[in-house]
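Try each task before reading its solution.

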Amino acid sequence: MFEVLCGRPVCALMFHDERRFLNHLARSCYIKGELDKIIDQRIRKDIEPQTLQMFSAIAYQCLEETREKRPKIAEVASQLKDAARMIQVLDPVEKIELLVDEREDLQSKYVMVEHGCRQIIF
């Protein structure tokens, strides 16, 4: 999902630092609250920040180190559908409160672990 949100491939050979592998970069930026640095500008201008945060939180779950800890594709699809429904029915204040709660919950559950360079398999 971060490939779509960032508009770039999983591996960018032109970089020789944290930016080389999108999974490491996205995880780091998500934890630091700096996703705006890597989200594609075309997406950023066409989507509300609260909506982007909601989809980013779902994408972040997919960055778990092991396949067993990552959500199944059906779970991701269900969460995306729920997010789309919430966007349509919630007022702006409720959306922000929901996103803050969700982000705090995700940060408490997911710990960044570096194990060299490898591609995430969904």
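A crossing is left-handed if the near helix is turned anticlockwise from the far one by less than a right angle, and right-handed if clockwise. That will be handy in the second exercise. Please note that this is a predicted model, in which local features need pLDDT of at least 70 and side-chain atom pairs count only at pLDDT 80 or more, while totals for chains, interfaces and linings use all residues. Residues are numbered from 1 along each chain as its sequence is written, and side-chain values use heavy atoms, with hydrogens and water left out.

**Exercise 1. The overall layout**

Task: Find how many helices and strands the protein chain has, and what share of its residues is buried.

Solution: 

Step 1. Helices (H or I, at least four residues) and strands (E, at least two) are DSSP runs, numbered from the N terminus. By this rule the protein chain has six helices and zero strands. Its pattern along the sequence therefore reads α-α-α-α-α-α.

Step 2. Buried means under 20% relative accessible area, exposed over 50%, and partly exposed in between, with a 1.4 Å probe and protein chains only. Of the 122 residues in the protein chain, 35% are buried.

Step 3. Contact means heavy atoms within 4.5 Å. Taking contacts in the protein chain between residues at least 6 apart in sequence, 63% join residues at least 24 apart.

**Exercise 2. How α2 meets α4**

Task: Describe the packing of α2 against α4: at what angle do the axes cross, and which residues meet?

Solution: 

Step 1. Two packed helices are described by the angle between their axes and the distance between the axes. Axes here are lines fitted to C-alpha atoms, for helices over the stretch in contact, and angles run from 0 to 180 degrees between N-to-C directions. The axes of α2 and α4 cross at roughly 130° and come within 11 Å.

Step 2. Angles under 35 degrees count as roughly parallel, over 145 as roughly antiparallel, 65 to 115 as roughly perpendicular and the rest as oblique. α2 and α4 are therefore oblique to each other.

Step 3. Now for the handedness: α2 passes α4 in a left-handed crossing.

Step 4. On the α2 side, Arg27, Tyr30 and Ile31 take part, and they meet Ser56, Ala57 and Tyr60 of α4. The contact of α2 with α4 has four nonpolar, one polar and one charged residues, where Ala, Val, Leu, Ile, Met, Phe, Trp, Tyr, Cys and Pro count as nonpolar, Asp, Glu, Lys and Arg as charged, and the others, Gly among them, as polar.

Step 5. Look at α2 as a whole: nine of its 11 residues are buried, so this helix is mostly covered. Among them are Leu22, Leu25, Arg27 and Tyr30. Just after α2, glycine 33 takes a positive phi of about 75°.

**Exercise 3. The salt bridges**

Task: Find how many salt bridges the structure holds, and say which partner of glutamate 65 is involved.

Solution: 

Step 1. A salt bridge is a side-chain nitrogen of Lys or Arg within 4 Å of a carboxyl oxygen of Asp or Glu. The structure holds three salt bridges.

Step 2. Glutamate 65 pairs with arginine 27, with the closest N and O atoms 3.2 Å apart. Glutamate 65 lies in the loop between α4 (49-61) and α5 (73-89) and arginine 27 in helix α2 (residues 22-32), so the pair ties together parts that are 38 residues apart in sequence. Arginine 27 is buried at 3% relative accessibility, while glutamate 65 is partly exposed at 22%.

Step 3. Aspartate 40 bridges to arginine 42, the closest N and O atoms being 2.6 Å apart. Aspartate 40 is buried at 11% relative accessibility, whereas arginine 42 is exposed at 56%.

Step 4. Glutamate 34 bridges to lysine 37, and here the closest N and O atoms are 3.4 Å apart. Glutamate 34 is partly exposed at 26%, and lysine 37 is exposed at 60%.

**Exercise 4. Leucine 80 and its neighbours**

Task: Is methionine 54 buried or exposed, and which residues does leucine 80 touch?

Solution: 

Step 1. Leucine 80 is in helix α5 and is partly exposed, with 26% relative accessibility.

Step 2. Leaving out residues up to four places away in sequence, leucine 80 touches Met1, Phe55 and Ile58. Leucine 80 and phenylalanine 55 are 25 residues apart in sequence, with a C-alpha to C-alpha distance of 7.2 Å.

Step 3. Methionine 54 belongs to helix α4 and is buried, with a relative accessible area of 3%. From methionine 54 to leucine 80, the C-alpha atoms are 8.8 Å apart.
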